[in-house]
Amino acid sequence: MSPTKEFRLLALENPLLDIQAFGDEALLKKYDLKANDAILAEEKHQSIYEDLLNNFDAKLIAGGAAQNTARGAQYILEPNSVVYLGGAGDDKYAAILRDACKQAGLRVEYRVDPKIPTGRCGVVITGHNRSMVTELGAANHYDLEHLKRPDIWQLVENAEAYYVGGYHFTVCPPAIQELAKQAAEHNKPFILSLSAPFICQFFKEPLDASAPYWDYVIGNEGEAAAYSESHGLGLTDVKEIAKALANLPKVNTQRKRVAIITQGTEPTVVAVQGEDEVKEYPVHPLAKEEINDTNGAGDAFAGGFCAGIVDGKSLEEAVDMGQWLARLSIKELGPSYPFPKQTYTRSQ
């Protein structure tokens, strides 16, 4: 049997160090945060990072949604299967990120900015909710120049599938478009995550510019609702929104677009372009006492799903792989996966 090709999946987004702590209603109120949300930091949020570290026994965890997804896909796939791109600083936070990725077997190729600190994300956990406040730092300075650097572009051309986290729409949409076009021209899967309601609401233009290139689009019920509202679809039913996403105009007609909407413990909804039936895949429940932390569960789902797509699995099995990895992640603290490694087995 010939050895599997290396770095088949290439992912792009914003590497961040998560500063994660269990908080309370008072903490959310202090920084004007919703219990379950993801936002970019404003002036009023600047002190939250030190507050979490000094007063809430915060843990430092390698984060950034698509970096979590890339680590998740690598968890399932053969060694040296995934490479991740993004912008980082030249500081201790970047060293922590690199170390975490190395332990996970994930290759990272950061655009390093020596003048700007590595991005960070304050994560406040209350019950099973998580509120995220991101200061992008060096992640905000990723550029097309890095993507087009000959050694990096060679990785792009070599990859067999691309995954882009929607948070990158706030950073470098031209880089997303380059990957999208590369995917369409060479009939390789382009997988996009909507990432957060604010992306659908406030970064509509770059999001919509990339839409014709989506082969797979992944979101949760909140993101689906935000997409419907911001695009005037007038739909509230998740299945109908999934169908609308699946049937948007598409450049690469060799692949039918697939829209996947996760709903926490409710079934995962899957719509395929041109097909009337919208399928639902039940989520296998976890006992309450097994739930440690839901931060990163969506990233883990995307990681398992991407691994399935890269490995040529059926759509049904790729969804099952996503659910399996999400279930493992929820038992861990933060967006992480258990070691020693567990091997995927298909649900019955």
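Predicted model: local features only at pLDDT ≥ 70, side-chain atom pairs only at ≥ 80, totals over all residues.
Which residues in α10 meet which residues in α11?

**View 1. Contact of helix α10 with helix α11.** From α10, the residues Glu221, Ala224, Ala225, Tyr227 and Ser228 meet Val238, Ile241 and Leu245 of α11. The residues of this contact comprise 6 nonpolar, 1 polar and 1 charged. Helix α10 covers residues 221–230 and helix α11 residues 238–246. Their axes come within 10 Å and cross at roughly 65°. Because angles of 65 to 115 degrees count as roughly perpendicular, α10 is described as roughly perpendicular to α11. The crossing in which α10 passes α11 is left-handed.

**View 2. Contact of helix α3 with helix α4.** The axes of α3 (residues 65–76) and α4 (residues 92–104) cross at roughly 20° and come within 9 Å. Angles under 35 degrees count as roughly parallel, so α3 is roughly parallel to α4. On the α3 side, Gln67, Arg71 and Gln74 take part in the contact; on the α4 side, Leu97, Ala100, Cys101 and Ala104 do. By residue class, the contact of α3 with α4 divides into 4 nonpolar, 2 polar and 1 charged.

**View 3. Helix α7 and the elements packed against its buried residues.** Helix α7 runs over residues 173–185, 13 residues in total. From its first C-alpha to its last, α7 reaches 18 Å, close to the 18 Å expected at 1.5 Å a residue. Buried residues in α7 are Ala175, Ile176, Gln177, Leu179, Ala180, Gln182, Ala183 and Ala184. Among the helices, the buried residues of α7 pack against α5 (144–148), α6 (150–158) and α9 (204–210). Among the strands, they pack against β1 (9–12), β9 (161–165) and β10 (190–193). Just after α7, Asn187 has a positive phi of about 50°.

View 4. Leaving aside residues up to four places away in sequence, Leu10 touches Val83, Leu85, Leu155, Val156, Ala159, Ala161, Tyr162, Tyr163 and Leu179.

Technical notes. Residues numbered from 1 in each chain as written. Heavy atoms only, no water. Helix = DSSP H or I, 4+ residues; strand = E, 2+ residues; numbered from the N terminus. Expected span 1.5 Å × (residues − 1). Buried < 20%, exposed > 50% of the residue type's maximum accessible area, 1.4 Å probe, protein only. Contact = heavy atoms within 4.5 Å. Axes fitted to C-alpha atoms, helices over the stretch in contact; angles between N-to-C directions. Parallel < 35°, antiparallel > 145°, perpendicular 65-115°, else oblique. Left-handed = near helix turned anticlockwise from the far one by under 90°. Nonpolar A, V, L, I, M, F, W, Y, C, P; charged D, E, K, R; others polar.
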